[in-house]
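Please read them with the structure open.

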Amino acid sequence: MERAREDATERVGQIEMTVVAAPPAPEAEQRWQQRVEVLAAWLLAEWQREQREAA
């Protein structure tokens, strides 16, 4: 009998998992906004550093 091949998202080693979308939590929007702000600040800082180095 051939062993069924399982997708990596369903089994990782001995651990089985299922990924499903959850309804949005009230704090989710705030967390995403914080991530956006941190990423934007980092990108700006990197661009400014490159501009200083090029000058």
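The points below go from confidence and fold to charges and surface.

1. Confidence. This is a predicted model. The mean pLDDT of the protein is 83, and 82% of its residues reach 70 or more. Helix 1 has the highest confidence, at 95. Strand 1 (residues 11-12) has the lowest, at a mean of 70. Where pLDDT is low, the predicted coordinates should not be read in detail.

2. Fold. The protein consists of one helix and two strands. From the N terminus, the order is β-β-α. Strand 2 covers 15-16 and helix 1 covers 28-54, with a loop between them.

3. Burial and surface. How much of the protein is buried? Buried residues account for 2% of the 55 residues.

4. Salt bridges. How many does a search of the whole structure find? The search returns three. Side chains of opposite charge can pair when their charged atoms come close. The points that follow take the pairs in turn.

5. Glu-46, Arg-49 and Glu-53 are linked by salt bridges into a network. Arg-49 pairs with Glu-46, with the closest N and O atoms 2.8 Å apart. Arg-49 also pairs with Glu-53, where the closest N and O atoms are again 2.8 Å apart. Glu-46 lies three residues from Arg-49 in helix 1, about one turn. Glu-53 lies four residues from Arg-49, also about one turn of the helix.

6. Arg-49 has a relative accessible area of 31%, so it is partly exposed. Glu-46 is partly exposed too, because its relative accessibility is 25%. Glu-53 reaches 57% and therefore counts as exposed.

7. Arg-31 and Glu-27. These two form a salt bridge with the closest N and O atoms 3.7 Å apart. The cut-off is 4 Å, so the pair counts. Arg-31 is partly exposed because its relative accessibility is 38%. Glu-27, at 40%, is partly exposed as well.

8. Aromatic contacts. A search of the whole structure finds zero aromatic pairs. Trp-32 does have a charge over its ring: the charged end of Arg-35 sits 4.8 Å from the ring centre.

9. Nonpolar patch. Which residues form a nonpolar patch on the surface? They are Ile-15, Met-17 and Val-19, with about 310 Å² of accessible area together. Val-19 is in the loop between strand 2 and helix 1. Its relative accessibility is 67%, so Val-19 counts as exposed.

Technical notes:
Residues numbered from 1 in each chain as written. Predicted model: local features only at pLDDT ≥ 70, side-chain atom pairs only at ≥ 80, totals over all residues. Heavy atoms only, no water. Patch = residues over 30% accessible without salt bridge, like charges linked within 9 Å, V, L, I, M, F, W, Y side chains within 5 Å. Areas by Shrake-Rupley, 256 points an atom, 1.4 Å probe, with all protein chains shown as cover. Salt bridge = Lys/Arg side-chain N within 4 Å of Asp/Glu carboxyl O. Buried < 20%, exposed > 50% of the residue type's maximum accessible area, 1.4 Å probe, protein only. pLDDT = per-residue confidence, 0-100. Phe/Tyr/Trp six-rings, centres within 6.5 Å; stacked < 30°, edge-to-face > 60°. Lys NZ or Arg CZ within 6 Å of the ring centre and 35° of its normal.
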